[in-house]
Amino acid sequence: MVKKFSLPDFGFQVEIGKVAQQADGAVWFQQGGTVLLATVVASPSPEFPGFLPLTVDYREHYSAAGKIPGGYYKREGKSTDHEVLTARLIDRSIRPIFPDYFFDQVQVLATVYSIDKEHSPSSISLVASSLALVISDIPFYEPVGAVEIGRIDGKWVINPKYSDSRTSDVRIIVAGTQEGICMVEGAANEIDEASFVDVLFMAHEQIKKIVAWQKAIAQEVGKAKRPEDQSIDWKVWEKHALDFLTQERVKTSFIEDKFTRDEKLEELKLEFLGHAKQFQTAVEIPDKYLLYVFDESYKQKFTDLVLSLSQRVDSRGFDKVRPISIEVGLLPFTHGSALFVRGQTQALVSVTLGGGQDEQRLESLMDDEAGDGAFMLHYNFPPFSVGEVRPMRGPGRREVGHGHLAASSFKYMLPDKEKFPYTIRIVTDILESNGSSSMATVCGSTMALMQGGVPIKKMVGGVAMGLLRSTGGDIQVLTDINGFEDNFGLMDFKVAGTSDGITAIQMDIKYRGGFTRDIFEAALEKARNGRMHILGEMRKCMSEPASQMSELVPKVVSFKVESDKIGAIIGSGGKTIREIIDTTKVASIDIEDDGIVKIFGTTGPSIDQATKWVKVLAGQINVGERFDGKIKRMVEFGMFVELVPGQDGLVHISMIARDKQKDFQKLYHVDDVVSVEVADYDPSTGRIRLRLLEQK
């Protein structure tokens with residue numbers, strides 16, 4: 001039986017029981033003309049995994065927007081970056097809501113089948129996925145709601161339509177439960193911390209409505225939940241682990257060096273496995289189960305000890321940033337480079353500047369969701385950075401997600417294309433990692449851009465914040481968390497920005513309850529202080545973009561022509577523009593739809609000649625301008641001289657020296673190169689009258 005539900009305040013319409021009935025949960029979700037299907041399926045794991053094996057996928061069919069995929073392969077294939085980012089958004093929001101002792105394989109799949117270009121599917125795919133879990137028999141504590149927030153003409157708007165959001169200078173997606181916020185992600189044009197907190201709690205009021213609606217639906221059509229894993233008595237073994245983890249034992253892992261700390265923790269785990277043997281019954285408990293209990297119990301004991309001692313695992317104060325060192329220009333044949341080091345995290349960043357032909361060609365259902373092809377930031381995380389051995393394949397979800405976050409930080413800080421018409425590509429290799437490599441990427445990218453002479457509007461820095469909560473309820477915010485604190489903390493809060501405000505933010509909360517407003521305010525204030533410190537360290541190395549770009553960077557001349565002249569410049573099948581490039585030896589000539597022309601090449605005669613040729617074809621011709629042109633045709637009343645490929649002018653017999661007028665056809669021949677001067681130009685007809693100059 002098909003059940004229909006609606007939430008008029010948000011324009012949500014849902015049908016349950018209509019399609020995909022063999023899934024454990026399926027929701028046909030519609031907002032306006034945007035339609036998607038969210039399904040969830042769980043099956044027992046073949047063996048104990050030691051974690052929740054949750055897989056989240058988000059897919060968009062090009063047919064949803066009436067499109068056929070470009071290229072030779074006319075079907076959807078590997079997930080696009082946008083699909084990966086949306087899947088990560090869903091995953092990070094729902095993962096903390098599953099029970100601790102549930103280990104079945106779970107797959108969440110959201111598929112977009114129709115899109116109306118007004119309602120973006122990103123946030124509603126999260127709501128649909130949550131609802132599919134809520135009505136299924138899969139253990140899931142409570143629904144998750146999500147809204148998008150924009151700032152349009154200075155006013156905050158919840159779930160703005162796509163046409164309105166294009167004028168917004170803020171785009172933030174907030175997800176949460178009835179009790180609190182569990183995920184935040186977005187970019188902004190220097191939003192201040194107080195405004196950001198206001199936005200979070202304004203969003204949460206709307207999220208509560210979406211959560212209450214899902215609960216009402218679950219009461220009507222929801223299934224009874226299957227039990228959590230009962231293969232062992234988890235509570236009993238949890239008590240054994242907590243008793244074993246005395247303060248003295250936990251404190252042995254309080255070591256500054258990452259590898260020494262990891263070794264001590266491994267020794268502690270082996271000691272626990274030996275300790276656990278005395279409690280084994282006739283049925284021996286596999287080590288995997290015991291180590292899972294150990295990790296969960298250690299997290300609790302570790303947090304309590306940090307807060308009781310007021311000492312972090314690496315002996316830092318709660319607000320202290322690890323030591324920073326920066327080197328720029330260390331790669332001599334790149335256009336810009338920097339090595340940013342913070343503690344045991346190293347980011348090697350290079351910047352390359354190119355022409356319009358180097359822009360990334362992007363396809364998406366929504367016109368600009370794929371990003372700006374003229375700015376690329378690629379993040380790499382090689383296995384040696386954490387002392388591991390694993391195959392080197394294409395970028396994974398981590399690489400795509402961290403690269404997107406870092407790129408978002410610069411969205412409003414890049415120079416205007418009219419003033420700086422280069423395509424910019426940043427590549428970051430993490431050479432060593434011990435937490436917050438995405439924020440090291442932001443800092444390193446700023447330094448590499450400036451060293452390369454890219455005139456960014458302001459310096460951008462970033463810091464990752466964490467949060468610990470003791471069993472007694474005490475809470476402590478940590479500045480610049482390392483990898484160990486990230487693993488055992490309740491929050492990973494990455495904040496990037498300038499000295500004047502936040503430009504990008506990503507927050508994941510690993511705690512099912514909500515945090516109060518004062519905690520968010522404290523976290524953001526400490527993040528601002530940490531960012532100011534990091535920016536100060538960066539300024540010690542470089543405080544503004546270099547005045548000169550590398551000699552290796554192709555030079556660019558940019559100007560605008562009338563749109564109706566573009567065809568004349570390009571020529572039939574691109575013949576004219578190819579001839580200009582081949583003859584003048586410039587690197588490339590790019591022409592945008594609005595008439596902006598960008599010519600890339602080395603400084604000197606070649607780029608000057610190409611510029612002059614394009615301007616002639618565009619009708620930008622000045623009386624008195626001189627050319628060396630080729631005679632294309634002789635006539636009784638004069639000769640036609642080709643000034644540039646595709647553009648001729650007439651030298652009337654009267655414009656030839658009087659002593660040569662009688663015999664000019666004997667003195668000059670087709671394909672001779674002659675010097676001419678523009679005597680007159682009629683823009684309406686395009687006719688050019690030339691004067692023949694005395695030949696040298």
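Guide: A salt bridge is counted here when a side-chain nitrogen of Lys or Arg lies within 4 Å of a carboxyl oxygen of Asp or Glu. The model is predicted, so local features need pLDDT of at least 70 and side-chain atom pairs count only at pLDDT 80 or more, while totals for chains, interfaces and linings use all residues. Residues are numbered from 1 along each chain as its sequence is written, and side-chain values use heavy atoms, with hydrogens and water left out.

Visitor: What makes E148 and R171 a salt bridge?

Guide: The closest N and O atoms of E148 and R171 are 3.0 Å apart, and the limit is 4 Å, so the pair qualifies. E148 belongs to strand β7 and R171 to strand β9 (residues 170–176), so the bridge ties together parts that are 23 residues apart in sequence; strands are DSSP runs of E with at least two residues, helices are runs of H or I with at least four, and both are numbered from the N terminus.

Visitor: Why are E148 and R171 placed in their accessibility classes?

Guide: Buried means under 20% relative accessible area, exposed means over 50%, and partly exposed is in between, using a 1.4 Å probe and protein chains only. E148 has a relative accessible area of 8% and is therefore buried, whereas R171, at 33%, counts as partly exposed.

Visitor: Why are D486 and K510 classed as they are?

Guide: D486 has a relative accessible area of 23% and is therefore partly exposed, and K510, at 37%, is partly exposed too. These two residues form a salt bridge with closest N and O atoms 3.0 Å apart. D486 lies in helix α11 (residues 483–488) and K510 in the loop between β19 (501–509) and α12 (517–541), so the bridge joins parts that are 24 residues apart in sequence. Elsewhere, salt bridges that share partners join R312, D314, R316, R322, R342, D480 and E485 into one network, and by this rule the count comes to 40 salt bridges.

Visitor: What makes β23 and β26 a pair of strands?

Guide: Two strands pair if DSSP finds at least two bridges between them, and β23 (residues 626–635) and β26 (residues 673–682) have five, in the antiparallel sense. Within this pairing K630 stands opposite V673. Strand β26 is also joined to β27 (residues 687–692) by six bridges, again antiparallel, with Y681 and I688 as bridge partners. Strand β25 (residues 647–652) is joined to β27 by two bridges, and these strands run parallel.

Visitor: What makes β11 and β14 edge strands?

Guide: Five strands form an open sheet of mixed pairing in the order β11-β12-β13-β15-β14. The edge strands, β11 (324–328) and β14 (375–380), each pair on one side only. Inside the sheet, nine bridges join β13 (residues 345–354) to β15 (residues 423–432) in the antiparallel sense, and Q346 has E432 as its bridge partner. Helix α10 (residues 437–451) packs on the sheet, touching β11, β12 (336–342), β13, β14 and β15.

Visitor: Why does G453 count as buried?

Guide: G453 has 11% relative accessibility, so it counts as buried. This glycine is found in the loop between α10 and β16 (461–469). Leaving aside neighbours within four places in sequence, G453 is in contact with F420, P545, A546 and M549, where contact means heavy atoms within 4.5 Å.

Notes: Axes are lines fitted to C-alpha atoms, for helices over the stretch in contact, and angles run from 0 to 180 degrees between N-to-C directions.
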